[in-house]
Amino acid sequence: MGLGCNTRYTADHAKQTIKTVDELSKLYDSAQVVGVTCLGLNHPLFHKRRFDVCIVDEASQITQPVCIGAVAAAEKFVLVGDHYQLLPLVQSKEAQARGMGVSMFKRLCEAHPTAISELDMQYRMSSAIIELPNRLIYDDRLRCGTQAVADGRIQLTPIAALASPVSAPPEWLSAAINPEMPVVFLDTTAVPAPEVRHGYVQPPTDTALPARTRPQRGCMFSTDSA
C-alpha cells in the first residue's frame, strides 16, 4: 500500500509514529493519492472512504468481480490494460465456461468502443519486433516512440571474444543470438518436456533443450529479410 509521495506516508515512518488504529485511519484519510491492490481495497479502513477517481492498471488481467470492487469505491474510474495480451487467471473450468475469464476491461471495450483511448506509441520493441504483433493483432497501429527504439538491437559479446572460449554453437543457437535477426522462432515440438508437479509445474527437460534441439527443427523469422 502506498500513500502519496511524502516521506511521512512511508511504511517505516508509520511504524515509528502510528500507535493506534485511529491514528492510522487519519493518516490514510489525509492522503490525496492512495496506491493499493484491488483486493487490498477491501481493508476495513477503506470501507467508509470514497475516492474521486480510481485508476486500475493491468485491468485486462483482473477478473470482473475483483475489478468491480475497486471501481465501486470511486465516482469515476479509468481502466488501463490490453485484452489482447494476458487474460485473467481462472483455474476453474466451470468458471471459465461461465465467462469468468473475460475481464471487465474487455467487456467495456467491446460494449463502448468510443470510450477507448488507444495508446499506440511504445518504447519496448524495435521496428522489426513490432511488425509481428502489428500483423497478427494490432492492424499496423503500433508505433515506435523514437528512432533509437525503432533501430534498437541487443548488444552481445561474440563467442570468439569471450575470455574462456567455448565450442562453436549449433546453427540454431547462432541464429537465435544473432542481433541482426530480432525475431526468431525455435520449434521444440520434437523435444520431450513432460510436466511434473512438486507443488509447482516444472518442465524437467528445459535444461536439455539446447542440446537436444536440432538445427533442422529451427523455424526462423526475421522481418529484416522479408
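Buried means under 20% relative accessible area, exposed over 50% and partly exposed in between, with a 1.4 Å probe and protein chains only. This is a predicted model, in which local features need pLDDT of at least 70, side-chain atom pairs count only at pLDDT 80 or more, and totals for chains, interfaces and linings use all residues. Residues are numbered from 1 along each chain as its sequence is written, and side-chain values use heavy atoms, with hydrogens and water left out.

Figure 1. Helices (H or I, at least four residues) and strands (E, at least two) are DSSP runs, numbered from the N terminus. Of the 226 residues, 25% are buried. The accessible surface is about 16100 Å², and carbon and sulfur atoms own 56% of that; the areas come from the Shrake-Rupley method with a 1.4 Å probe, and for residues only the protein chains shown count as cover. Take contact as heavy atoms within 4.5 Å. Among contacts with a separation of 6 or more, 51% join residues 24 or more positions apart.

**Figure 2. Confidence along the chain, including the stretch 210–226.** pLDDT is the predictor's confidence in each residue, from 0 to 100. The chain averages 79, and 75% of the residues score at least 70. Residues 210–226 fall below 50, though this stretch still makes 38 contacts in the model beyond near neighbours in sequence. Where pLDDT is low, the predicted coordinates should not be read in detail.

**Figure 3. Helix α3 and what covers it.** α3 spans residues 64–71, and C67, A70 and V71 are buried there. Looking down the axis of α3, the buried residues fall within an arc of 90°, so they line one face of the helix. That arc is taken from the directions from the helix axis to the C-beta atoms. An α-helix has 3.6 residues a turn, so residues three or four places apart point the same way. The cover over the buried residues of α3 includes β3 (51–56), β4 (74–79) and α5 (104–111).

**Figure 4. Helix α5 and its buried face.** Here the buried residues are M104, F105 and C109. Down the axis of α5 they fall within an arc of 130°, so once again one face of the helix is lined. α3 and β4 are among the elements covering them.

**Figure 5. Two nonpolar cores.** A nonpolar core is a set of buried Ala, Val, Leu, Ile, Met, Phe, Trp, Tyr and Cys residues joined through side-chain atoms within 4.5 Å. The largest one has 21 residues, and F51, V56, C67 and L79 touch the most other members. β3, α3, β4 and α5 each put in at least two residues. Zoom in on V56: leaving aside neighbours within four places in sequence, V56 contacts C38, I62, C67, A70, V71, V78, L79 and V80.

Figure 6. Rings of Phe, Tyr and Trp (its six-membered ring) pair if their centres lie within 6.5 Å; planes under 30 degrees apart count as stacked, over 60 as edge-to-face and the rest as tilted. F46 and F51 make a tilted pair, 6.3 Å centre to centre with 55° between the planes. Both partners are buried: F46 at 4% relative accessibility and F51 at 13%. Y84 and Y138 have ring centres 5.8 Å apart and planes at 85°, so this pair is edge-to-face. Y84 sits in the loop between β4 and α4 (93–97) and Y138 in α6 (residues 127–138), so the pair ties together parts that are 54 residues apart in sequence. Y84 is partly exposed at 45%, whereas Y138 is buried at 10%.

**Figure 7. Loop residues E58, D140 and D151.** E58, in the loop between β3 and α3, has a positive phi of about 55° although it is not a glycine. D140 is another non-glycine with a positive phi, about 65°, and lies in the loop between α6 and β6 (143–144). E58 is partly exposed at 41% relative accessibility, and D140 is partly exposed at 49%. D151 belongs to the loop between α7 (147–150) and α8 (171–176) and is partly exposed, at 49%. D151 and M125 are 26 residues apart in sequence and 9.2 Å apart in space, C-alpha to C-alpha.
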